[in-house]
Amino acid sequence: MLPALVLLTLGFELALAERKFALFGGGFGQSQTLDSGLETVAFLLALVFCQGLLFYLIYRVFRRIHGSRANRPTFFFNFAFFLLLIWCGAIVAKYQALSYFSDAVSFQIVRNLGGGSLLDAMLYAVSEAGLMLIVGLGAIIAWFILRSIVVRLSRGRMIAPDHIRLAPRNLIAAIGLAPVLLFSMNQIDDSRAALARFNSIYVMSTVLHQLTDFDRDGWSWYSNPIDLQPFNSARHPYALDIPGNGIDEDGFGGDLVAASPAPPFVATIAEPRPHVILIVMESMRSDVLGMRIDGRPVAPLMERIANEGSFARTAYSHVGFTTASLKSMFTGWVEPPSGVRSMIDDFLDNGYQVGVFSGQAEDFGDTADVTGMRRGRFFIDAEDLREERAFSFAAQGSLYVDGRIVLREFDERMSDPAEWSDPQFLYFNFQSAHFPYWAPGTDLILTDDPIAREDISLANRDDVARTYWNSIAYNDRLLGELIERLERLGVYENSLIVITADHGESLFDDGFLGHGHMLNRQQTEIPLIVNRPGLDLSGPIGLADMRRIILNAAGASVPQHRAAGVFQFLGSLERPGAIGRIGEDGQWTVFDLGDETVQIGTGAPMRYHDLPADAAERRLVDRLIDQWAHARLAARSADPS
């Protein structure tokens, strides 16, 4: 019975994991896959061993609790029924939470896409609580019915006692082998990432993590990365280096040297104050300018505006997720501390009316709260329009409303020329290019046959790319419809139009699909287009630079304070998987904190501690690490000014 339960539950969990995480084939948001026979065999052996050991230990405890009654058929029925109910129920609950993020296929990506936490994931599933309660009650009723049948059939029959039992020395050997096996698998990136999806591995790794976190700093021999200073709570892989204290807390580059933060500023926009319209296109790559499909331009209007106005040749997101990107764009901070000013405050203080028209839920990840979007006159987003969403997902992280509905809402509020007597700051967000790249209502411009969500795969990469670029072409058409409205109202000539994106998108052209899991051109380079000629948009430009750029273009004398190069990170700022920097020459320096390897440009990876202290490569990486530390210090600042 026990081997059957192990295989049954594993088969169930593997099927769900493959569908959600694409462990063996890769998919959206999945940068680590089991793509070799050795990795797959090692993964399966470790998974079967750990699940078998854990189930055996549960069986022994269950049997001890039942005492002499453990020799009856009803014991085996109860054990199998409740193990399956609890174990599979936990799996279903986890995947039910994940399903609310549609394309968000891991807890780490959920945190980043939503700017939230695992608790957020569970909260988005709360609408299913009633259904889950009904299922639970049904399971209890089924147990009573089936148990009564087993009791009648067995008629008190006894079974030979404890026929599933390991000898003590074999059990000790198995328990001792588990930490060795998990420690070894933790050193293999793809296998570690795959195993972390499974409940038995999570349970055992959590226990081992707690046992080996000797200094209780949150890092251990089973964390990733491993704590190389296990008895010093001030030293661990993500310790914040405090400037000038003589201690190198993070173990990189010596003690941090203090740096002056960007000076605060007050933006006063000179007359005549233009209307300012900021348009964010979800997941739009920088190579939209000049992209051709079958000889046709993907975004002819954006190209015309760029040629007649100004555009940045190198602009980047700091992190490949929407909520963090928008916060940087509006506030001018890589990660804004609490209470920081934003563009909303700047324009309100200059007598502007502020309106938000968005096809996504701007409250998701606290974006609206941090940026102050609700302080304006109009605030319309996908939460307000949830009954008109393109897909059935009802949680904030999955809401998507077609751009024409967004324009309809604009018409209802801003189609009277009298509404434009005061200067306006309007923010539009168009979602068409978000995974799965096509939704009902999207015009078919570059394809007559958009790929279905279930068919998106590496094997169909050309169809995926064509569908994606069709969505960008649709956004270009929506932009044209917005500009036509502004021209009819007679306000276009006095409007500053800024077109950009929150991040880019991999289309299997770097081996992956999606965004937020690599620091490269496909996932982080974005367009920045302004309909005013002569602007200095020389790069590299980060999203945190855009608040100052937009205010200057609107007529405010705001000092430009760009960092030397654009800082980037994967994951969260406090615990990134990797950090990166695009230098003034456009070259990437990427430092992987998991294995402490460095990659500069297209060069081969190098281990950080193998680099000579006086090497140019070492200085580049130390500069990047210092930039990360200063960004963390700024984000913790109690006084943003």
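Modeller: Let us begin with burial: a residue is buried under 20% relative accessible area, exposed over 50%, and partly exposed in between, with a 1.4 Å probe and protein chains only. This is a predicted model, in which local features need pLDDT of at least 70 and side-chain atom pairs count only at pLDDT 80 or more, while totals for chains, interfaces and linings use all residues. Residues are numbered from 1 along each chain as its sequence is written, and side-chain values use heavy atoms, with hydrogens and water left out.

Colleague: What makes Glu-303 and Arg-292 a salt bridge?

Modeller: A salt bridge requires a side-chain nitrogen of Lys or Arg within 4 Å of a carboxyl oxygen of Asp or Glu. The closest N and O atoms of Arg-292 and Glu-303 are 2.7 Å apart, and the pair therefore qualifies. Arg-292 lies in strand β2 and Glu-303 in helix α10, eleven residues apart. Helices (H or I, at least four residues) and strands (E, at least two) are DSSP runs, numbered from the N terminus.

Colleague: How do you know that Glu-584 and Arg-623 form a salt bridge?

Modeller: Their closest N and O atoms are 3.9 Å apart, so the pair falls within the 4 Å limit. Glu-584 sits in the loop between β16 and β17, and Arg-623 in helix α18, 39 residues apart. Glu-584 is exposed at 52%, whereas Arg-623, at 40%, is partly exposed.

Colleague: Why are β16 and β17 called paired strands?

Modeller: Two strands pair if DSSP finds at least two bridges between them. Five bridges join β16 to β17, and the two run antiparallel, so they are paired. One of these bridges has Ala-578 with Asp-592 of β17 as its partner.

Colleague: What makes β15 and β19 the edges of their sheet?

Modeller: The open sheet has the order β15-β16-β17-β18-β19. β15 and β19 each have a single partner strand, so one side of each is left without a neighbour in the sheet.
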